[in-house]
Amino acid sequence: EEEEQEKEEEEGCYRLYPGHIPTSPLQKALLAAGSAFMALYDPYRHDMVAVLGETTGCLALPNLRDKMKHHPEGYRILQERPRIRLSTLDMARLRGLPDGTLGREYVRFLEDNKVSPDTRMPPKFVDDEELAYVIQRYREVHDLMHTLLGMPTNMLGEVVVKWFEAIQTGLPMCVLGAAFGPIRLSARKLQVLATELVPWAIRSGRNASCILNVYYEQRWEQPVESLREEIGIFPPPAVRV
Amino acid sequence: ETHFGFQTVTEAERREKIYQVFESVAKKYDVMNDSMTLGIHRVWKDILVHKMNPSPGTLLLDVAGGTGDIAFRFINYVRSVRERQLQRKLKHHQNLSWQEISESYQEDKSKSLGDSQVVVCDINKEMLKVGKQKAQNLGYSEGLSWVLGNAEELPFDDDMFDVYTIAFGIRNVTRIDLALQEAYRVLKPGGRFLCLEFSHVSNPLLSRLYDLYSFQVIPVLGEVIAGDWKSYQYLVESIRRFPPQEELKAMIEDAGFFKVDYQNLNSGIVAIHSGFKL
């Protein structure tokens, strides 16, 4: 019976959102360590990267949420809670948009790399319902980052996006990904990464406004180049990734 | 109404949920067992089979035998007993001719288990699938059968088996009384019932450490290794819901077994209950 009370105490305000698993500080620490190890050991465990992000984001996530709150577009996103899912996207319409627009290029990116926005993990270990949305939004916007930065979903492309996201969000998971991701790259790719891609990603990350403050769903018709300029992302270097 | 871990559910819901838990964990079952118990579960299972001390010719029914751990140990044990039997036989027959000796090899080769057999019965298709695959990888085929069945309603006739085992399975049965009655029914007169299961730790200090480890570490291991927090949360909760040693002993006696006794392993973290059909 003691265990029952213990568990109820632990769950405090109980499930804050569907899929929420309340955790004690000790469990979060163990999860952070375990997921970090497992993510490096088995790179196919994307769920571990997600768990790492959730258990280490306790400082970065409130920061991001505040940035959104103090920006008109970000504030609207927090209010309206848009979700990027295949069921909410009108793929046919986006495909029909002119080349070079955000919508057209986003769909092209999804098809070329054979990815779908629906494979993002829902948050489990974030103990605040609004912050859970913030991390969910960050995950769902990730593919749009690829589109805006012009990076494919291979290892090199992912690392570049992680550098950008690390600067932008300050999430420890992005920092770790940016630092450890290159471990599995060849020497040639490392060179391109170090000399061209990372410096550009850092410059763009610093210069750009907060990427979570853009209501992407209302800008499908906007040309990618125009959106880049508006946000402050510099044009990608002319290298093959 | 019954329980699923710390939740209250109907019997039908409980059966469904438990089926889903094992369907989900089947592929990582063995890895998780090693991680959670730091490999000690292997020692517990070895002790169970040593306690059973099967001789060649024994017919074993291993219920909730899923991935085959008990079945494989039974086969290994019986094989080594058989080998020693044969060695002893050879020692006494050193005056035989070469021809006679090689003929006896042929005969014995086909009976390396000495007619012993183990039937692995499990309610969950995924667990059986993993078990069959494991048997193939490890080279177990002789004397081994796999049957899909429910411990509460076994697909076997009365008085069939010499030994009935259920290792870390009876906790997941919804009507333990029915499972025990079925165990009694399918055992031959003189047959033995053996149950290996998590039980209650009475030592207060150890109990607190055990609880801390169970509730803080095990679900995390489940998430990191198997990507499944909830199944392992269920596991640690179900252990606390399960009857303690004396209560289980009484239930086994109620089913008609005699000479019912239990042996605590690791201060009661695990217990082996034993009974005979006389």
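Colleague: How much area do chain A and chain B bury between them?
Modeller: Chain A and chain B bury about 1600 Å² between them, and 61% of that is on carbon and sulfur atoms; buried area here is the accessible area, taken with a 1.4 Å probe, that two parts lose on being put together, summed over both. This is a predicted model, in which local features need pLDDT of at least 70 and side-chain atom pairs count only at pLDDT 80 or more, while totals for chains, interfaces and linings use all residues. Residues are numbered from 1 along each chain as its sequence is written, chains are lettered from A and ligands numbered from 1 in the order in which they are written, and side-chain values use heavy atoms, with hydrogens and water left out.

Colleague: And how many residues does the contact take from each chain?
Modeller: The contact takes 21 residues from chain A and 19 residues from chain B, where contact means heavy atoms within 4.5 Å.

Colleague: How many residue pairs are in polar contact across that interface?
Modeller: The rule finds 6 residue pairs in polar contact, both residues at pLDDT 80 or more; a polar contact is a pair of N or O atoms within 3.5 Å, and within protein one must be able to donate a hydrogen and the other to accept it, with residues adjacent in sequence counting only if both atoms are side-chain atoms.

Colleague: Which helix gives the largest share of chain A's side?
Modeller: Helix 2 of chain A does, with 7 residues, and helices are DSSP runs of H or I with at least four residues, strands being E runs of at least two, both numbered from the N terminus. The residues on this side of chain A divide into 8 nonpolar, 5 polar and 8 charged, with Ala, Val, Leu, Ile, Met, Phe, Trp, Tyr, Cys and Pro counted as nonpolar, Asp, Glu, Lys and Arg as charged, and the others, Gly among them, as polar.

Colleague: What about salt bridges between chain A and chain B, how many?
Modeller: The count is 1, and it is formed by the side chains of B:Glu223 and A:Lys124 at 3.0 Å, N to O; a salt bridge needs a side-chain nitrogen of Lys or Arg within 4 Å of a carboxyl oxygen of Asp or Glu.

Colleague: Where does A:Lys124 lie, and is it buried or exposed?
Modeller: A:Lys124 lies in the loop between helix 7 (102-112) and helix 8 (129-149) of chain A, and it is buried, with a relative accessible area of 16%. Buried means under 20% relative accessible area, exposed over 50% and partly exposed in between, using a 1.4 Å probe and protein chains only.

Colleague: Changing topic, how many disulfides are there over all chains?
Modeller: There are 0 disulfides, a disulfide being a pair of cysteine sulfur atoms within 2.5 Å.

Colleague: Last one, which side chain does A:Asp143 join in a polar contact?
Modeller: The side chain of A:Asp143 is joined to that of A:Arg120 by a polar contact of 2.8 Å, and A:Asp143, found in helix 8 of chain A, counts as buried at 2% relative accessibility.
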